[in-house]
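Have the structure open as you read.

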Amino acid sequence: MHQFGYVQAASVSDAVLLLNEPGLQSRPLAGGTDILLQLKHEPQFCDRLVDISQLTELHRIEQRDGWVHIGAAATFAEVLENPIISATAPVLAQACATVGATQIRNMGTLGGNVANAAACADSLPALICLDATAKILTPAGEEEIPLSEFVTGPNCTSLPSGGLLVSLSYPIPEEGSRSAFLKLGRRNAMAISRLTVAALGRVDAQRVITEARLVTGSATPRIERLAAVEQTLVGKKPTAELYRQAAAVTVDEMIRLAGYRWSSEFKVPALTAMTERVFAQVFDHKEVR
Amino acid sequence: MKLQFNLNGKLVETEASADATLLSVLRDNLGLTGTKEGCGVGECGACSVLLDGRLVNSCLTLAAQVNGHKVITIEGMCLPDGSPNDLQQAFIEVGAVQCGFCTPGMVLAGEALLAENARPSRLEIRTAIAGNLCRCTGYQQIVDAIQITAQKRQEKKTDA
Amino acid sequence: MPELQFIGKPINRVDALEKVLGTAKYVGDYVLPGMLIARTLRSTVPHARIVRVDVSPALKIPGILAAITCEDFVDQGRFGYPIADMFMLAYQRVRYAGDGIACVAAENETALKLGLDAIVVELEELPGVFDAMTALDPQAPIIGETPRDAPDFPRGNLVTHYIVRQGDAQSELATCPVILEEDYTTLHQEHAYIETEGALAIPAPEMSGVTVYAPCQSPFLNRGNLMRTLGLGEDNVRVIQPHVGGAFGGKDDLMYQISGQVAKLALLTGRPVKMILSREESIIASYKRDAMHMHIKLGAETDGKLRACAVNATVDSGAYTSITPFTSWRSSIHAMGPYRYDACAVDTDAVYTNNGYAGAFRGFGNPEVCFAIEQAMDELALKLKIDPIELRLKNCLRDGDTTAHGQKLGDDVALVECLEQVRKLSDWKRKHTLYSRLSTEPAKPGELRRGIGVAAVFHGMSLGAEGADFAVSTLEINPDFTLTLTSGLTDYGTGSRTAFTLIAAETLGLNPDRIVMPRPDTDQSHDSGPTVASRGTILGGNATRIAAERIGSQLNQAAADLLGCRVDQITRHGELFISPREEPVTFENVVEHAHKMGLTLYSRGRWSPPEIHWSMETGQGKPYFAYHYGTQVAEVLVDSGTGKVEVTGIWAVHNTGTIIFPQGAYGQLYGGITQGLGYALMERVDYDKGYIQATNFDEYLIPTALDVPDIEGVFVQDSFPAGPYGAKNLGEPGMVPAAPAILNAITNATGRRIRSLPANLERVLLGKDLLKEGSSTACKLGLK
């Protein structure tokens, strides 16, 4: 007697059929690092796993018409090793590099990380900073939805039952953009993120900020770009004092969105420091240790 | 369900439940006990194996997922005559082995690193084995063993 | 001393080969025909009266072959040393969340789970004690078995009370111009061996008994417990220790329960029975390093000369005493640190609570008190504006000094040398001056600050006045000219097998490859007490040396007879025995001749340390026959923006005497320091109303390879005459000073003093820990 069944999808459309087979609760299996643990703690979580990890099209990373498309089953290792990612979105490569350790990066997938939508998921702040969209496939057809709308809260997405996340895409940031990702954990590997920040920015020829994006992780109920912070920066020249102002707005936003909680006494100063640092890295080319 | 995969260079066939992990199939079905269970949740790396050349935690890999693929365990590391390979020998000589429970995973992590980075720095070595917990050695001699092996392999290459 | 051939030379660990090949068998790797699997049903509440346990419904489940409770053991399976207060399975009460209640043996996993679910357990919850500081309140519920006014310890919740008395500390303190008075607390620590506990019992009808394979630390203690609780004789029980995947002190008590449970199930079913704990079960059920609260008052002159010390400590022993009577005694002996005082008073109470239970863990009571006293010394140094190493040099013990216990030390007190060497090695003077100056300026936002800190340690060798102390080794020459060496002391990765082999080889002038040490086996080796408290190298090594000398003398007799000369005329060259006329004969020749002469080529060596004595009433005596001394310096980089601490360098100088097995010694040092680093920065065993919060390695964090720097270790190898070839011990003291060195470094970097472990992100950034909201039972009690 086994706890759950397994079937390998022959293609993406086959996967959707299998996920919607009546009479069974089926879930996609990509890397397995989240779902197998889920099944350990909650044996009734699903009846059957549909293996999509073997579908090559779901591992593809390609650049097309000003966008980068990443197959949902691309592993963290595949993403961070890919030259398209390191050229267009260092923030995402850096985020993937902080996940777990070698083994988890070889197994865990971007799609799995997004679909699981843990509050501390490392890829989400980076992807949302990139204004990424998610492509969902259901029996009814294909749907593209901004990632910031797809992830609705901790462990909550708008993925319909029987739906399959097939790819994540982001528009390639304009020439001259720089991006960075910082993670704070309790140790230097295999650590759940205490806080993360993902930032992107661009200055014009006069060194005036023309674009600024900031997303925090493990700080707010929804992982989203903080417009109030970004507005503090755009149109100004980057200085340490400006970053300090932006950081102050960041923690105000955190409190406004999450309320003042037991952890806020720590997160306020820590997030302040991390926000200042990530902007220094983006605008001053200052590499952080 | 029936499984067929390449294990340490040989084709093996076995029957396993759909929900069986690769770790349990290796240990219980195939009797290869070199791969260990340390935590069951993919945190300690004692269960590490190479799947198509990539280091993975076999406790979080379904056996079904390796069907048709290539798996290497610690039992596949030694030389054809059963003697330790150069990395394993280095582990012995520099004192990188104490209780030995993390050792199979560490050796595989070292091999996986050297397959893609022939000249790793100490930091790169530490990063490569960061998913393998050791409670005995403090890691230093393990890093030494991998570094020395890398150097020796490079020397051999330049000699050749 | 003539040049050593093997000792101190690079040599391969004797069992490393099978470990790197993956062929070494740990107990979880054993598979036998007809083998059953067993699991224990454990309490999910911290304190309750057992109203009823009925295992009969489990026995009705197909595939369940046996189910047991405490009633299946003699005297309800009572065991424990030095105080027998625990049971093979809980009797009358469960006293911690995780306490084993019943146990089943099944054909497969499915039946096992159904069987455990079927057992009927009725518990009546009782009020518990969750704060050690309240355990002695008159209203506190009694967790132990004896009343508050019992004649001997334990008395109510007071397990033991130990004192050290030198002069009148309070009067002395009253006249000191400088006083430092602070509280320090440590948390419990989880051993986190990568191999969890487990055992395999094989019924042995041919000996009317059972053989148990158990990775326990003390096979003879295990056998003794099994004999007593199963009602069997010495000839009916055999305990064999397979490869052990790490122990660090943690594979005693719980291992004996597991051994007893599988043994009983094997005897009942007539089939082999194996139990392997999951990681969650291991963390929940196993004992920990005790948590301690220490109140220290130091009194000194303005020039830094220490005059008096008073320490009041409370040790959380948890639900059972385990070996806490010994560890808390060691805590009290070491609480004042390796310094000279005019007066000293230590009072240590070990108390019962329902916070799991505490037992042996590397350091054996010293890491807790060293953490406190070495920070207190640092605080004093800061107060007096004296360099921390200078303050220690001014006050540390030296050759011939009398300790606070009244013990006159020998000429092996190398603390000064350790301090001076570690100061040079770490570039202390330059760094400490620089970092101290910088930390007086307030940190710029998000600034990274460096700090450097030092800690000194002394560590009494072996059990001391804790218990009967001896070890036995045997040596036999086999027909194929190999030698079989046994020891009652076990190697669980520590390297003692290699060390003993080298000692035997050196003594006999034979190649180490000739010497085989089988795995510890109560049928083959001789009781040598538990392998704890850094007994291995000294006791086991000396016993080995004696056994080797005895066989050596037989060989010399035979060689002299063969060569026609006197024993004192023989010279050795490698393995050859050479006569005065320069005739060589081989080892094989000598052995064959010895057989012809009828000599017995088997010997036994027993060694006990020199006399020690301790008075519990006066708090004075000679607690250990000698001490290990050492110092460590840690350098940190502290992120003042996030509270993250990177340990960027560690220098360790230890007075180890002769190093027998160099790679093993360095490995023990690095490993011990790494455990100390985890203890200092990231390891947390939190009991919330008796519920342990972190139950696997995702939440119980131990250092990864990226969390530890390259460590520089130096051994001061002044020969120690009482040790084999001049060796002292190292296993434990390497671990002890790491945490205080790191915490002192954090203070040097930030100006903030952290007196509670661990120095996590919140404490470093805010100066306090933050309590997480949520239910205490939210931890995953994954006991099924």
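At what angle do H8(C) and H9(C) pack, and how far apart are their axes?

## The helix pair

This is a predicted model, so keep that in mind throughout. In it, helix H8 (residues 324–334) of chain C packs against helix H9 (residues 366–384) of chain C at about 25°, and their axes are 8 Å apart. As for handedness, H8(C) passes H9(C) in a right-handed crossing.

Who makes the contact? H8(C) brings C:Arg330, C:Ser331 and C:His334, while H9(C) supplies C:Asn366, C:Glu368, C:Val369 and C:Cys370.

Now for the strands. Chain C has an open sheet of five, ordered S9-S17-S16-S15-S10, with mixed pairing. Strand S9 (158–166) and strand S10 (178–186) of chain C sit at the edges, each pairing on one side only. On average, neighbouring strands in this sheet are turned by 5° against each other, ignoring direction.

Zoom in on S15 (residues 291–300) and S16 (residues 306–318) of chain C: these two pair in the antiparallel sense over ten bridges. For one bridge to look up, take C:Lys297, whose partner in S16(C) is C:Ala310.

## Where helix meets sheet

Back to H8(C): this helix lies across S9, S15, S16 and strand S17 (343–352) of chain C. Relative to S9(C), H8(C) runs at about 25°.

Technical notes:
Residues numbered from 1 in each chain as written. Chains lettered and ligands numbered in written order. Predicted model: local features only at pLDDT ≥ 70, side-chain atom pairs only at ≥ 80, totals over all residues. Pairing = 2+ DSSP bridges. Helix = DSSP H or I, 4+ residues; strand = E, 2+ residues; numbered from the N terminus. Axes fitted to C-alpha atoms, helices over the stretch in contact; angles between N-to-C directions. Contact = placed C-beta atoms within 7 Å. Left-handed = near helix turned anticlockwise from the far one by under 90°.
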